[in-house]
Amino acid sequence: MFKTQEFAKLCSTTKETLFHYDKLGLLKPDQVLKNGYRNYSYSKLMDFHFLSFLKDSGASLKEIEALCQTGANKKSGCSLVKSSEKIEEQISKLETEKIFLKELGALAVEAVEAPLDSLMIQKNSKQSFLLVKTEPQEIFSDSEYSTVLEKTLTFPVPTPVFGILFDSNAAKEERLVILGLLFLKDTVDLSTKIKIKKGQFAVWYGRGDFEAKRKAASTVIREIGDSGFSVDGNILCFNVLEVLSSNKKEAYFKLMIPVS
């Protein structure tokens, strides 16, 4: 048997919490001595962890109290199902965030190690993206991008936007016109999504501010033509990693354009 202080330490809680649970009938001690001291058996530890599990799942003490009452089997079952469903949602959200962070981390390593400001032709065998179309909108700074997000994403999404789709024709004139938002495949379930297929892409890594990105988009379109390839679609742009350079925010970015 454990005294109250010992059992509280075992549970990583306080004596006051145990007294409160006892008062509510949630966790009764195995013994109450004549002097009022309480003793708990090791088996009560499982009961305490179950209570903690219910609380962490979003159940209130009042709901947990109902679970412990005789004759509340049906209500108990419903509450446990709801708790289980909430945990499943949390697991699903964490799995989605894990995919996003893993891909973003890989992209960051790739961008830092890649040669900057040079054209490469690659096959995109690793990723496919989901596109949510927007109204075409020219932007003149990175801050205007958030306005496009607010207008487009009128519904909650489980992960941040992974990239932007820019108009390749506008890029020839050194203009950045947003056509859509890019999400990683399997991280969102959107009715308006359009899958961007894997294939051959011109790839360009750069570093700098909005102006550097705008010039890079124009340069890569021109160099694709100079290299004997044809532009087969619009520009996929990914802001990979923000850095501080001379007290000025810059970002590594990656541009991908389908070519043939």
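I take buried to mean under 20% relative accessible area, exposed over 50%, and partly exposed in between, with a 1.4 Å probe and protein chains only.

**Entry 1. Ground rules**

I note that this is a predicted model, in which local features need pLDDT of at least 70 and side-chain atom pairs count only at pLDDT 80 or more, while totals for chains, interfaces and linings use all residues. Residues are numbered from 1 along each chain as its sequence is written, and side-chain values use heavy atoms, with hydrogens and water left out.

**Entry 2. The chain as a whole**

I looked up the secondary structure and found eight helices and eleven strands in the chain. Helices (H or I, at least four residues) and strands (E, at least two) are DSSP runs, numbered from the N terminus. Of the 260 residues in the chain, 38% are buried. I then looked up contacts, meaning heavy atoms within 4.5 Å. Of the contacts with a separation of 6 or more, 70% involve residues 24 or more positions apart. The chain has an accessible surface of about 15300 Å², and carbon and sulfur atoms hold 52% of that. Such areas come from the Shrake-Rupley method with a 1.4 Å probe, and for residues only the protein chains shown count as cover.

**Entry 3. An aromatic pair**

I counted rings of Phe, Tyr and Trp (its six-membered ring) as paired if their centres lie within 6.5 Å; planes under 30 degrees apart are stacked, over 60 edge-to-face, and the rest tilted. This rule gives four aromatic pairs. One of them joins Phe7 and Tyr40, which are stacked, with 4.6 Å centre to centre and 5 degrees between the planes. Phe7 belongs to helix α1 (residues 4–11) and Tyr40 to strand β3 (residues 38–40), so the pair links parts of the chain 33 residues apart. Both Phe7 and Tyr40 are buried.

**Entry 4. The sheet that holds β3**

I followed β3 into its sheet, where strands pair if DSSP finds at least two bridges between them. Three strands form an open sheet, ordered β1-β3-β2, with antiparallel pairing. β1 (2–3) and β2 (31–32) are at the edges with a single partner strand each, so one side of each has no neighbour in the sheet. Two bridges join β2 and β3 in the antiparallel sense. Gln31 has Asn39 in β3 as its bridge partner. Asn39 is buried, with a relative accessible area of 11%. Leaving out residues up to four places away in sequence, Asn39 touches Met1, Phe2, Lys3, Pro29, Asp30, Gln31 and Leu33.

Which residues of helix α2 are buried? In α2 (residues 15–24) they are Leu18, Tyr21 and Asp22. Seen down the axis of α2, these buried residues fall within an arc of 100 degrees, so they line one face of the helix; the arc is that of the directions from the helix axis to the C-beta atoms. Glu16 and Lys23 are exposed on the other side of α2. Just after α2, Gly25 has a positive phi of about 80 degrees.

**Entry 5. Nonpolar cores**

I used this rule for a nonpolar core: a set of buried Ala, Val, Leu, Ile, Met, Phe, Trp, Tyr and Cys residues joined through side-chain atoms within 4.5 Å. The largest such core has 22 residues, and Phe129, Phe162, Leu182, Leu236, Phe238, Val240 and Met256 touch the most other members. At least two residues of this core come from each of α5 (73–113), β5 (129–139), β7 (176–184), β9, β10 (235–245) and β11 (248–258). A second, separate core of 21 residues includes Ile139, Ala171, Ala202 and Val259.

Strand β4 (residues 119–123) pairs with β9 in the antiparallel sense over five bridges, and Ile121 stands opposite Ala202 in β9. I also looked up Ile178, which is in strand β7. Ile178 counts as buried at 0% relative accessibility. Its contacts, leaving aside neighbours within four places in sequence, include Thr134, Tyr145, Val148 and Phe166. The C-alpha atoms of Ile178 and Val148 are separated by 8.4 Å, although the two residues are 30 apart along the chain.

Most residues other than glycine have a negative phi. Asp117, not a glycine, has a positive phi of about 55 degrees. Asp117 lies in the loop between α5 and β4 and counts as exposed at 51% relative accessibility. Glu174, also not a glycine, has a positive phi of about 60 degrees. Glu174 lies in the loop between α7 (168–172) and β7 and counts as partly exposed at 34% relative accessibility.
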